[in-house]
Amino acid sequence: MVIIMKVVLQNLTKKFPSRNKKGGEVVAVNDFTFEIPDGKLVGLLGPSGCGKSTTLNLLCGLQKPTSGKIFFGEDEVTNLPAEHRGVGLVFQNYALYPHLTVLQNIIFPLQNLKGKDKLSKAVMTEKAYEVAKLVQIDELMDRKPSELSGGQQQRVAIARALVKMPKVLLLDEPLSNLDARLRLQTREEIRRIQRETQITTVFVTHDQEEAMSISDMIVVMKDGVIQQIGKPQEVYDDPVNLFVAKFLGTPPINVFRGEVKGDKLYIGQEAILDIQGVADQEVYVGIRPEGFILDEQGALGCELSRLEVMGRDVSVVSTHPACENTTIRSIIGSDSKVDLGAKTIRFNVKPGKVDIFSMTTQERIHFELK
Amino acid sequence: MEKNNLKAWLYLLPAIAFLGVFMVYPLIDVFIYSFEEGYNSASQTFFGVGTYNYSYVLHDPYFLQAVKNTFILVFITVPISTGLALLISVGLSSIKALKNLYQTIYFLPYVTNTLAVGLVFMILFKKTPYTDGLANLIISWFGGGSIDFIGGPYWAKMFVLCFYTVWVVLPFKILILTSALASVRQDYYNAAKVDGTSKLRIFTRITLPMISPTLFYLIITGFIGAFKAYSDVVALFGTDLNAAEMNTIVGYVYDMLYGNSGGYPSYASAAAIILFAIVLTITCINLLVSKKHVHYN
């Protein structure tokens, strides 16, 4: 019996009074409007200070919005206190009660139920074991949180959030306290649990890889403003501005200063693409690492620094005077031959992996290939 | 290894020497005196060795009175002062406006001179030819008769003593508890709030266990401090405590050494050892109880 709910944010705004004496306000969340489809896993993604945690706090009711509305399904919950919203929240540091055992921690939300919802002890224990099995910690029920590993604590926290069958599950930086290996494992686990329970889930992260890998939908934020919403791959392939392009992808996109002149796209003196539909102007040119093709006759010449071989792929590290990044990383298949003695290395570019952005607004400029 | 040991002992030597001379040796001495009958500190002589001192002290009505007073004082003031301090600190940490002002007010008694405090209590409770004291004034408003709190019935004097003790120990406990409450991470409260936990349950299931080590520390030191009460009693009722029926165990020890009935170091030693045994027992019981209810993380 799972209630699946969409979550709607309408012109949601949260302002904080400024700490300095001059007054003024800090706008943490600026006019958010978006809809989280029911039963989906959504990642709020952005650098620190972008307002993603504030958004989460607004969703769970720990903070009240300055203006705007929040709906769970058809019901407005904007002014509903946290305890009546039926959300499950997993904290960044888990916030497991250290003096209670795993079982007592998981049961805790159930013991709060009053009146007709009140459960008998046996039912509570049964529910706790059910959810503990789901997150695979049913062997650890008698331990204290301090006797668990980080990953296990994380699972207990998720179990505690899930046990009362929340309408919405919220996770605040769920993987940031785990080591790299555990992080990979746990994110798969979160994906699996979300699929099995079908609960609408929102999680906050600053790690784009994490968000890209498990989300059905990502929301990229910067300085309290939503930059782009969409499926991870769509956002990656089709960023609306330079910030989104730079924020998504590892290794990051290579950004060059370039120019559109007479239907050609120039980096330095070299014309790398024939394009049309764009007026002559100076632009930022973003090329994804996988957008380079090794070619001795290639249009773009870079100064070769070194090669990094990582199993399947070879990453060519080079430099170019017009490049904004300190080094250019281009990923090519490991069967390609690179002459390490050569000073310059030449590439052609894959048109689909090249985006151009306005110098002034940093907005994406769409172009057509000739 | 051997060398390191030697060095370690050398570093410890100053502390050990001081503690040995001024604490361990006197303690052992007291223990020995308590078994030496009729010990005279001037001539360093005694009649014999035995348990007579203990038997004398335990049959002395003054001592029994002192034990009774001390126990009443301890078991009334420690729970009340700790509970009251907890209540006030919880209140203090949940208000925002004027918090610092209230904190200062509650902490004032701690930095106030004992004699000044004694004066305040005098004004509150003492009966003089000119006035019956503030407390009696309030009682008379409610239609009650005048009571002599300082020189009157036993329960009235005990009330003043307990009131005074609670008032004096309160600031320190509030200070410690407020900082303990502040150190409980907000996340726990947020987690509980999202899960719809009632305020009372948050207090009993989260706040109390989280501050239990501090609370336990306050209870233990409170017990020990109250068992050693003496100067407060003197400040309120003067030096002739036996006549006032207000003596404490420490007061009895002092009287046996220097008071009007002074000059009995053997009885004083025996009484001191009995006090030590009582405090030790109570502390052990506290420790046993705490094993179940105190959560160290």
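This is a predicted model: local features need pLDDT of at least 70, side-chain atom pairs count only at pLDDT 80 or more; totals for chains, interfaces and linings use all residues.
Chain A contains an open sheet built from 4 strands, which follow one another in the order β2-β1-β4-β5 and pair in the antiparallel sense. In this sheet, β2 (25-36) and β5 (75-76) of chain A are the edge strands, and because each has a single partner strand, one side of each is left without a neighbour in the sheet. Helix α1 of chain A, residues 52-60, packs on this sheet and touches β1, β2 and β4 (67-72) of chain A, while its direction makes about 65° with that of β2(A). Within the sheet, strand β1 of chain A, which spans residues 7-17, is joined to β2(A) by 8 bridges in an antiparallel pairing. Strands of a sheet pair through backbone hydrogen bonds, and they may do so in either a parallel or an antiparallel manner.

Chain A also holds an open sheet of 7 strands, arranged in the order β21-β20-β14-β11-β12-β13-β22, and here too the pairing is antiparallel. Its edges are formed by β21 (364-365) and β22 (368-369) of chain A, each of which has a single partner strand, so that one side of each is left without a neighbour in the sheet. Further inside that strand order, β12 of chain A (residues 264-267) runs antiparallel to β13 of chain A (residues 270-276), and 4 bridges join them. In this pair, A:Lys264 stands opposite A:Asp274 in β13(A).

Turning to helices, α4 of chain A (residues 150-162) packs against α5 of chain A (residues 180-197) at an angle of about 20°, and their axes are 11 Å apart. The two helices α4(A) and α5(A) are therefore roughly parallel to each other, and their crossing is right-handed. From α4(A) the contact draws on A:Gly150, A:Gly151, A:Gln154, A:Ile158 and A:Leu162, and from α5(A) on A:Leu182, A:Thr186, A:Ile193 and A:Thr197. By class, the residues of this contact between α4(A) and α5(A) are 4 nonpolar and 5 polar, with no charged residue.

The contact between the two chains takes 16 residues from chain A and 15 residues from chain B. On the side of chain B that touches chain A, α8 (186-194) and α9 of chain B each supply at least two residues, and the largest share, 6 residues, comes from α8(B). That side of chain B has 5 nonpolar, 6 polar and 4 charged residues.

Helix α9 of chain B (residues 199-227) also pairs with helix α7 of chain B (residues 154-182), their axes coming within 10 Å and crossing at roughly 160°. That angle makes α7(B) roughly antiparallel to α9(B), and the crossing is right-handed. Among the residues that meet are B:Leu177 and B:Leu181 in α7(B), with B:Ile211 and B:Leu218 in α9(B). The residues of this contact divide into 8 nonpolar, 4 polar and 1 charged.

How values were computed
Residues are numbered from 1 along each chain as its sequence is written. Chains are lettered from A and ligands numbered from 1 in the order in which they are written. Two strands pair if DSSP finds at least two bridges between them. Two residues are in contact if their C-beta atoms, placed from the backbone, lie within 7 Å. Axes are lines fitted to C-alpha atoms, for helices over the stretch in contact, and angles run from 0 to 180 degrees between N-to-C directions. Angles under 35 degrees count as roughly parallel, over 145 as roughly antiparallel, 65 to 115 as roughly perpendicular and the rest as oblique. A crossing is left-handed if the near helix is turned anticlockwise from the far one by less than a right angle, and right-handed if clockwise. Ala, Val, Leu, Ile, Met, Phe, Trp, Tyr, Cys and Pro count as nonpolar, Asp, Glu, Lys and Arg as charged, and the others, Gly among them, as polar.
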